[in-house]
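Subject: A structure for you to look at

Hello,

Here is the structure I promised to pass on. Please open it next to this message, and I will walk you through what turned up.

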Amino acid sequence: MTAPLFHLEPGALAGASAGAEVVFDGAEARHAAAPDAVTVRLDAVAEEPAPTPALVLVQALAKGDRDLMAVQAAVELGVDAVVPWEAERSIVRWKGPKAAKARRKWADTARAAAKQARRARVPAVRDHVSGTAVAGLVRDDDGGRLVLVLHEDAEHGVSAVPAERLSAADEIAVVVGPEGGIGPAELEACVAAGAEPVRLGPHVLRASTAGPAALAVLQHRLGRW
């Protein structure tokens, strides 16, 4: 049985070394069966470097919590960040106070999945984008971002993207549309900005499974699995 895992707030271990004492409270302390706070003494401190290229899931909002299912699976599969996308054909909408509440739910899902998967880093939930504004994620002045748009009519699959393009990128983003698919204007805007449409085999996957499936392929092609 593996040892318990607790996530501290970012920066909580900054400058810490073996022998130092660290205090954590809140939900993590309660999970350790302490109502107020827990004090631990560090036996050792190791830093896990962030992987390169980073993997990002741009997930369209979807009904029935299918978007949250995608986030959970993507985090377990090693995604480094997620971007909520209110696509043209998304039935779910983030407006006003609902947007902040929904984003917190995404963040909580990512944190829980990271803990379950025993990951040292919790993937960030970035600001959400709407409609064709998703194309703005494609533009990258440094040229280090590769954006793959999952689309059933793409000419080639994700496995056909040259290995050197994958390894040379600083960040690889996978864009997943809602149940009704990516709208023509959104696809055109992404392609015009430099994104590459790719497909996943001969079948159409649900919004909850397409992104994680693509991430699994990428993890394998990057030699991490």
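Let me start with one side of helix α5, where Pro184, Glu188 and Ala192 are exposed. Exposed here means over 50% relative accessible area, buried means under 20%, and partly exposed lies in between (1.4 Å probe, protein chains only). Helices (H or I, at least four residues) and strands (E, at least two) are DSSP runs, numbered from the N terminus.

Before going further, a word on the source: this is a predicted model, in which local features need pLDDT of at least 70 and side-chain atom pairs count only at pLDDT 80 or more, while totals for chains, interfaces and linings use all residues. Residues are numbered from 1 along each chain as its sequence is written, and side-chain values use heavy atoms, with hydrogens and water left out.

Back to α5, which spans residues 184-193 and has Glu186, Leu187 and Cys190 as its buried residues. Seen down the helix axis, these fall within an arc of 95°, so they line one face of α5; the arc is that of the directions from the helix axis to the C-beta atoms. In general, an α-helix has 3.6 residues a turn, so residues three or four places apart point the same way. The cover over the buried residues of α5 includes β4 (81-86), β7 and β9 (196-198). Just after the helix, Gly194 takes a positive phi of about 120°.

The largest nonpolar core has 33 residues, and Trp106, Leu148, Ile172 and Leu218 have the most contacts inside it. Such a core is a set of buried Ala, Val, Leu, Ile, Met, Phe, Trp, Tyr and Cys residues joined through side-chain atoms within 4.5 Å. At least two residues of this core come from each of β3 (54-60), α2 (66-76), α3 (97-116), β7 (145-150), β8 (171-176) and α6 (210-221). With six residues, α3 gives the most to this core. A second, separate core of 19 residues includes Val83, Val129, Val134 and Ala195.

Which residues does Leu148 touch, leaving aside neighbours within four places in sequence? Among them are Val158, Ile172, Val198 and Leu218, where contact means heavy atoms within 4.5 Å.

Of its 27 lining residues, Phe6, His7, Leu8, Leu13 and Ala120 are the closest to its centre. A pocket, on a 1 Å grid over the protein atoms alone, is an open set of points where a 1.4 Å probe fits, with protein on both sides within 12 Å along at least five of seven lines, and lining residues have an atom within 4 Å of a point. The lining of the largest pocket divides into 17 nonpolar, two polar and eight charged residues. Here Ala, Val, Leu, Ile, Met, Phe, Trp, Tyr, Cys and Pro count as nonpolar, Asp, Glu, Lys and Arg as charged, and the others, Gly among them, as polar.

Finally, two single residues. Asp80, in the loop between α2 and β4, counts as buried at 19% relative accessibility. Gly15, in the segment before β1 (21-25), is exposed, with a relative accessible area of 81%.

Best wishes
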